Amino acid sequence: MAEVDYQRRQLLAGTPRSTSRLLAERGAVLLGVAVLYGFILVALSLDSARHFIVFVSVVGVAVPLLGQWRLVQVLRGFGRTALRRHQPLVSFAVLGGAVAVPLVFSGNPYLIHVGTITGVFALMALGLNFALGLAGLLDLGYAAYFAAGAYASALLGTTVGLSFWMTLPLAGIAASVFGLVAAWPSLRVNDRYLALVTLGFGAIVELLARNVRPVTGGTDGVLNIPPPTLGVYSFLDPILVGPLTIPFQASFFYLVLVLLAVAVLATGRLTNSRTGRAWEAIREDQIAASCFGVSLLKLKLMAFMTGSFFAGLAGAVFAHMIGFIHPDNFTFSVSLGVLCMVIAGGAGNVWGVLAGAVFYIVVPERLREFDHLRLLLFGVSLLLLMRFRPQGVFPSLRRRVELAPERPGLVAERERVLGLADFARDGDRATRELAETTAVVEIVGLTKSFGGLLALNDVGVRVARGEILGIIGPNGSGKTTLFNVITGLYRPDCGDIWYGTPRKSLVGRAPHEIAARGVARTFQTLRLFANLTVLENVLVAMTVRLKRGYWPALLRTRGFVREEEQAVEQALEVLSFFGQRLLSMCNEPAASLSYANRRRLEIARVLASEAELVLLDEPAAGMNPAETAELMHDIERIHRLGRTILLIEHDMSLIQGVARRVIALDHGSKIAEGRFEDVAENPLVIEAYLGRRGGARALPR
Amino acid sequence: MIRTSCRFGFVVAIATLLALVSVAETQSKACKLATNIVMTGQWASMGIGIYNSFKLAIDQATARGDFKDMKVEIVYGDNAADTAQAVGLATRHGQDPEIVGALCCWISGIGIATHPTYNRYGLPVILAGSNDSRSSRPLHNSKVVFRNSPYDLINMKMAATYIRASKFNRIYLLSDTWPFGRTQVQYLQKFLTEMGHGAAILGYDTITPGEKDFSPILTKIKPLNVDLLYFAGMVVEYALIRQQMLKLGFTVPLMGSGGLFSETYLKIAGPAADGTLATYWGLPLEMYPEGRGLQFERDYKAAGFKDHYETFGPPAYIAGQVFAQAIKRAGCDRQKVLKELQTGEFDTILGPRFRFDENGMPEFKAIAVYRAEQGQWKMIDVTDPQATRFEKTR
Amino acid sequence: METLPQQIANALTIGTMYTLVGIGFTLFFGVLGLINFAHGEIYMLGAFAGLAIFWALGDGVPAPVLVIVMFVVAMLICGGAGVVMERLAFKPLRRLPAIITLITSLAMSFVIREGVKELFPDGSNAHRYYAPFGLKALHVGPVTVSYEALILVGITAVLIVALRLFVSSSWMGRAMRATAQDREAALMMGVDVNRTIQAAFFVGSALGACAGVMNGLNYGSVKFDMGWTAAIKGFTSAVIGGLGNVYGAMVGGFVLAFLEVFAVDLVPQGGEYKDVITFAILILALVFRPTGIAGAFGRRRAG
């Protein structure tokens, strides 16, 4: 026990680091960022396109080659840890470099202009990243939001005469509304076709921009869009800083930089919050996410609206920078371009997305000298990129929840909290009273058919509070369908499910609402969030318990920070239910777990949700006898926590071991109910399992 | 381990070699002219024709020794019909002190977006195409902007005049969705109405460029018994509409401008083209003084360009001649070249005294009406050089 | 109303093109879950292959022979191109999320389009196509149909029937349907999934090439950027019919064509708003009937 305590403390406190190591790490970060900037700037300033291609090819070949050296690999590992640990420093360094660019290149306004355009598109790419990278929703009409923001800001600026600083946020809001309108219809029904609906929406917006002359000016576009002004100074005037004259393009550059910083900050804050985890859970497995309290519709709309907001901002900046907008600026090609940026750069990863934007704008710009072969070369380079590095330039790093670095008072606090609720200690909890006659779950006459198949036929059962009910039956008898109906994935044709005190019907409720009522389940076919870490999987399951969502995360309120920390602690405690097995892997992606551990993680999720009603669907499938015995033990521990458990199983020894009462299903109907011994000898049950001529052999005990 | 070192060494060697090579290239001081036109995408054929013609003029001047020991280069610039790229190019060209002149745009929207940039850097630019009047003076104040053909307001006014004078009393207007077509039709409507002929317009509709089959809209128009169908759009759509009209038995004349007046149209529409009317600036090449137009055609062919010079090739060639002579007289200096353009006379294929008026437009503004006959464009009427009235049609 | 018969004829002609391209999209989506942006360029490639034949053989050859050769060569070239495309670009990415293959197909479309533009003489311009009947058309009462259109509708009808037979009765067709429904199960049942997918690409691309040649013959001109519009229309047709459903795609093209033609005819300024109307209807259809038309005829899956 003491050993477990020590190890957990280590995990939470993080490995101790010396000052020199810290300095080395920080130095590595700064060096890395400087090299990156150097690379981009050299690439941009090479005179001829031939040199550019050669340069990029050489680097592209050299880097993997170098990577095979042991020394380089060690350095790279070091660099990665440094990057991970010093994220704020990375942002600061990148930002600092960017701020310096106009100053250094004050003699080259063209470069600053390209940089600004890149920034505008990068802003859009970051916006698309919310829906596409984080939530996995394919939006093919992104240009529509860009158009909404551009037109809103341009029209308000030219007709009403509002200042840019007012039209900018309004543009964002207008774009958000468009995002809502675009997503709403399809999300309500089936988002397999989301891509197509958004495609159609984007096309419609472009067409309306072309046709609705009184509003948008039609193909005349909007002319003479005023530049932003700060007091007396207009954005079209060059900036005079001492002896240095910085071209006016720099004003727009800095404006875009500020907006980019906001976008990066928002992405970071939302990602490490309930909302961001919910988005990623949606990307990984929608059904599981919804069964753990994630409201699919609400979260998807939030992803769309957040993303389109940034597109609106980008549109406003674009309009006021060029001074003239026109429907041709908002074609489907623009949507595809932004899509390319996100995917080629590395969906879900902020730096990847930024890299994608740089790639998409800079490469064709650099290949200008190649005359008409430019687009062809671009297509070829994109092909190669997708073929050899489909995860993108900077793929989404395994996001690890940053285990809090040492802070003095916190360690003591943690110890206290850990001491109180320690799942690793067995058998210290008082057993709940089972002799309650009030049922917590009452299922009445549940019927469900799919086309011609009757999956559930008038099934009814009452489950007492704190009881373990076993559900057995041959394959296809409707057991999992029963669970799916209870959790709201299917709607029953008739019948009802009453749950809770006071009793309320679960029928007709969405899965996330049912989860919020305190129902959680595991899945017969594992439904883990494969690319999220073990810890994140558990945190998603806690969605229903967390109060602070979108805005607290964005604004990083104190309440939010505290809640997040507590959530991590609780999650770690839940993981420690299984001793070291999951705890030691808490920062690894769930996909890397062994099979048995995956099953355990499923159970851990259920525990974390603190659901009162627990549905376990064949938890022992594929386990050997030793693991099954351990599982039996675990189920009993869960039981002792006071949960009500419904258990589907084929392993009769497990059922017999834990379930006091058992029901048997066959072809959708309940054919037996009672104690295991009685049900096992029921001839109907035997016939269902073994067939009519199976004889009177009883089921194995 | 050894293999990796070998590979690494190989890479380093190549990189060093390249670095040496790039350093070894010396920059020769040159005088440059920049282009900023559509070289890729669906209108690439227009842009390429413009670029080639422009280049031809400069190459010829170089071959003649007009620049003495100055080396005049053309900086290739493709804006891919993208406003942001075009503004970027204009900025890039503007900030390069070696560039003393530019040929821009072709697409009206880009002309509108880039003129402030050219003006800011004082880089004289001749607009090729870009017929929307808002891209040119006097509708804006950028003194550096010149045109190599009159803009839409003039073109459409004469088209309206011709239509009214020819007694077309039942006309239908069609345009595509690009601004070029749309603005044309809008101006045509405006002028016809101002001339009191507005009632002749029976209707107006749009077609989607890129589509192939316009039978539905043509079927809709046919029963209206029009005597003229005016379409403003691009070459391919003109050809398709003409062929489909005739197939439907809808045989009234088709009229248009700009994109219509092209060899490609005649080639694709074939015999269907006969009877099509087009208005266009300037004279047919064979009517250029002293056979200069035909000389241009011969020179273009001799130069062996892969693509045709297209509708806007000759004006681009003229622009090239203008810049060549301006540089020859004023030297490699932006301001001086600008002054030359403002005040000078140029010897071009249109004649020895080509000038720009106070709004940067060619003084010679004659608009001609052409009819396609047996696979050729025949001029059937022309205005006076100031484009006030037609010679034949009253 | 007097225009009704003619508009119906127009719609039928337009519908054939959309359908043929749409079938390709639906095949790719059904078998691979892939939205293949490069398909429009394959269509264009087919048209240009036919153009090359026309230039090469041109005048000496009698019309029917020339047309047949154009079709056959175009179909073979594009079918082959489709297979090559699949092997090189899509097969390595099969296990990855669909979005990657989508981007790859996009990149591929760039390459093909620009490639044709570069390689063909005067590639950036439009080209005159072989027009066996010139401007002659058949006049039947109020309806005028060009001879080419008649022949092409006929060919399309034959192709559709042949395809239907192929998909429903032939071994390869069944294999394709099986692979579309459940690739792993098909694999376990002994279907050579790789070959099936290649066959799907061959058939889809060949049909696209067919549509390209038809388009050139019927409208008398081709241009290197003709693939884009065709792709959008074909894709929309496939969606209307129910993506992945070959029978639906056969109908979807005609539905789209009729929608467009009657939008133009009946709505004032219809030409201007035709596309808005079409897309709006598409969206509504997707929201309320996502399985497309084929789904409307009771093809819901159990469970």
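Start with chain A of this predicted model and colour it by the domain assignment: domain 1 covers 17–85, domain 2 covers 109–388 and domain 3 covers 439–694. Between the centres of domain 1 of chain A and domain 2 of chain A, taken over C-alpha atoms, the separation is 29 Å.

Keep all of chain A on screen and switch to a cartoon. The chain has 29 helices and 14 strands. Of its 701 residues, 49% are buried. Take the contacts in chain A between residues at least 6 apart in sequence: 73% of them join residues at least 24 apart.

Next, select residues 296–322 of chain A, which form helix α14. This helix has 27 residues and reaches 39 Å from its first C-alpha to its last, close to the 39 Å expected at 1.5 Å a residue. Is α14(A) mostly covered or mostly uncovered? It is mostly covered, with 24 of the 27 residues of α14(A) buried. Step just past the end of α14(A) to A:Gly323, where phi is positive, at about 85 degrees.

Now show the largest nonpolar core, a set of 439 residues. The residues with the most contacts inside this core are A:Leu123, A:Met124, A:Leu575, B:Ala128 and C:Ala209. Centre on B:Ala128. Leaving aside residues up to four places away in sequence, B:Ala128 touches, among others, B:Ile37, B:Ile50, B:Leu103, B:Cys105, B:Trp106, B:Phe312 and B:Ala319.

From there, pick B:Cys105, in strand β3 (residues 99–106) of chain B. Its phi is near 85 degrees, a positive value in a residue other than glycine. B:Cys105 counts as buried because it has 31 C-beta neighbours inside 10 Å. Compare B:Lys167, in the loop between α5 (152–165) and β6 (171–175) of chain B. Phi of B:Lys167 is also positive, near 60 degrees. B:Lys167 counts as exposed because it has 11 C-beta neighbours inside 10 Å.

Another backbone stop in chain B is the peptide bond from B:Arg137 to B:Pro138, which is cis, with omega near 5 degrees. B:Pro138 sits in the loop between β4 (125–129) and β5 (145–147) of chain B. Most residues other than glycine have a negative phi, and most peptide bonds are trans.

Finish where chains A and B meet. The contact takes 33 residues from chain A and 29 residues from chain B. On the chain B side, the elements giving two or more residues are α1 (2–24), α3 (83–95), α4 (108–121) and α6 (179–194). The largest share, eight residues, comes from α1(B). Coloured by type, the chain B side that touches chain A divides into 15 nonpolar, nine polar and five charged residues.

Methods: Residues numbered from 1 in each chain as written. Chains lettered and ligands numbered in written order. Predicted model: local features only at pLDDT ≥ 70, side-chain atom pairs only at ≥ 80, totals over all residues. Domains from an automatic or database assignment. Core = buried A, V, L, I, M, F, W, Y, C linked by C-beta atoms within 7 Å. Buried ≥ 20, exposed ≤ 12 C-beta atoms within 10 Å, placed from the backbone. Contact = placed C-beta atoms within 7 Å. Helix = DSSP H or I, 4+ residues; strand = E, 2+ residues; numbered from the N terminus. Expected span 1.5 Å × (residues − 1). Nonpolar A, V, L, I, M, F, W, Y, C, P; charged D, E, K, R; others polar.
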